[in-house]
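Welcome! Keep the sequence and the model open beside you, and try each exercise before you read its solution.

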Amino acid sequence: MSAQNSVPAFVPVVVGGDIGAYSLARAFHEAYGIRSVVISRLEGWHISRSALIENVRCTDPFDPAQLAPVLQSVAAARPGVRLMLLGSADATVKAIIRVRDEMDVLDERWVVPYVDLATFRAATEKQNFTELCERLGVDHPRTRIVDLSAEVSDDLDVPFAYPVIAKPAEVSEWKKAQFPGKQKVHTVGSREELLALLRTIREAGYRESIIVQDRIPGDDQNMRILTCYCDAASRVRFASWGRTLLEEHTPGAIGNPAAIITGVNEEMVAQAQKLCKELGWVGYANFDLKYDPRDGRTKFFELNPRLGRSNYYVTAGGHNPVRWYVDEHLGGGLPAVPAGEAPEIVQHQEETLYTVVPVALVKKYTTLPEANEQLRRVLKSGRVRNPLFYRGVEKDPKRLGYSVAAMVNYVRKFRRHYHPEAQA
């Protein structure tokens with residue numbers, strides 16, 4: 001992708017306050033030397049005291065009615081300037097789409113590079129994604145969908161062996177439900193445990209579907225990530241593949257990649273293209289996948305409608321992802337494709353380690369021979385990137401202290417929460 005496209009002055013506006021929001025702000029700063037407005041409920045440590053960010057508060061950024069006036073105030077303070085609006089979580093993207101499509105508050109200066117709400121739901125509600133994979137012949141785990149709008153039947157069973165994975169189909173509604181032991185993803189060891197969990201979830205007020213899936217063997221080292229950018233014709237133009245070495249394991253963050261080595265996988269990009277074309281997808285699609293050692297296939301779990309929480313792995317691999325947004329919507333457009341031809345997919349990237357945890361932790365938990373060899377190779381090359389340490393730019397000593405403290409805290413959290421030998 002050309003870095004030379006001329007673009008007008010603009011301001012990135014990111015809704016969210018996590019490391020994903022910070023990583024987006026850093027990507028915009030690396031590419032264009034500009035600061036971002038980050039809208040969040042609280043000023044968490046990821047965005048606090050950052051040279052890249054102007055923080056604006058919103059009581060509930062997941063609520064379109066509360067987000068809309070904040071966006072209006074951001075625009076009013078910047079007359080005549082283009083604004084690019086992004087979300088760092090599924091729930092914020094959904095709120096942004098609703099503000100754009102249901103409320104007459106965003107003028108022509110705003111660029112909101114997301115699909116409509118119907119397409120968003122077709123892709124992100126997990127029962128829909130499962131049905132789509134089945135229809136297209138795309139590899140995915142065996143799945144049983146349980147609708148919690150009705151009482152949980154004593155006859156409920158699943159057509160695969162325990163332990164199984166149970167997770168919400170509708171993440172926005174899941175955030176509202178609270179109960180003891182709640183996790184982002186639950187591992188369930190028996191039918192009796194599954195029935196009890198489903199009833200607890202329903203009593204907590206969650207009445208959407210729960211996805212019960214075959215648990216693919218293996219720990220974090222079998223997880224994969226794929227980020228694709230689709231043009232207006234739903235053709236993949238850019239793809240960034242990664243092998244996860246380590247995920248977070250605290251209950252509220254379980255499953256978020258903490259260390260990724262970038263690479264290339266043309267076969268999985270081709271499968272992703274089938275999904276994106278069928279959906280009519282535009283912009284970024286971020287896929288979670290896992291390698292299944294039982295049959296040697298890599299299987300799609302879900303589609304996230306945005307650049308993911310760990311989006312800096314894409315930048316680390318040598319392709320700043322925000323350039324695709326900016327070139328298509330504010331610059332000279334994407335490279336032309338001759339009539340009747342498929343576009344070239346940009347997907348080569350240097351092997352790089354993205355990590356938000358100390359490298360010592362990554363080394364400790366990387367035990368598979370092939371993964372270990374990859375890690376040694378990358379560490380020898382020195383291609384290690386952590387988005388939280390931005391030398392020469394983030395100079396605030398308190399912010400540096402926050403980041404160092406976070407690294408120490410990760411060691412404590414992994415000691416407490418992650419024991420892969422017990423999951424084998």
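## Exercise 1: around Phe 287

Task: find which residues Phe 287 is in contact with, leaving aside its neighbours within four places in sequence.

Solution. Start from the definition: contact means heavy atoms within 4.5 Å. With that cut-off, Phe 287 is in contact with Phe 129, Arg 224, Ile 225, Leu 226, Cys 228, Ala 272, Leu 275, Cys 276, Phe 300, Glu 302 and Leu 303.

A word on the model before going on. It is a predicted model, where local features need pLDDT of at least 70 and side-chain atom pairs count only at pLDDT 80 or more, while totals for chains, interfaces and linings use all residues. Residues are numbered from 1 along each chain as its sequence is written, and side-chain values use heavy atoms, with hydrogens and water left out.

A nonpolar core is a set of buried Ala, Val, Leu, Ile, Met, Phe, Trp, Tyr and Cys residues joined through side-chain atoms within 4.5 Å. Buried means under 20% relative accessible area, exposed over 50%, and partly exposed in between (1.4 Å probe, protein chains only). The largest such core has 106 residues, and Phe 287 is listed with Val 13, Ile 39 and Phe 300 as having the most contacts inside it. Helix H1 (residues 19-32) gives the largest share of this core, eight residues. Another core, of 22 residues, lies apart from it; Val 164, Ala 166, Ala 177 and Ile 211 are among its members.

## Exercise 2: helix H1

Task: work out how many of the 14 residues of H1 are buried.

Solution. Helices (H or I, at least four residues) and strands (E, at least two) are DSSP runs, numbered from the N terminus. In H1, 12 of the 14 residues are buried, so the helix is largely enclosed by the rest of the structure. Take Ser 23, which lies in H1: it counts as buried because its relative accessibility is 0%. Beyond residues up to four places away in sequence, Ser 23 touches Asn 311, Tyr 312 and Pro 387.

Now look at the two ends. Asp 18 caps the N-terminal end of H1, with a side-chain oxygen 3.1 Å from the backbone nitrogen of Gly 20. Just after H1, Gly 33 takes a positive phi of about 65 degrees.

## Exercise 3: helix H7

Task: decide where the buried residues of H7 fall when seen down its axis.

Solution. First list them: Leu 194, Leu 195, Leu 197, Leu 198, Ile 201 and Arg 202 are buried in H7. They fall within an arc of 165 degrees (taken from the directions from the helix axis to the C-beta atoms), so they line one face of the helix. Glu 192 and Glu 203, on the other side of H7, are exposed. Finally, the buried residues pack against strand S6 (143-147), strand S7 (164-168), helix H6 (171-174), strand S8 (186-188) and strand S9 (209-214).

## Exercise 4: the whole chain

Task: what percentage of the 424 residues in the protein chain do buried residues make up?

Solution. Buried residues make up 55% of the chain. The chain has 13 helices and 16 strands, and its C-alpha atoms fill a box of roughly 60 × 55 × 50 Å along the principal axes. Among contacts with a separation of 6 or more, 72% join residues 24 or more positions apart.

Definitions and conventions
Polar contact = N/O pair within 3.5 Å; in protein donor to acceptor, adjacent residues only side chain to side chain.
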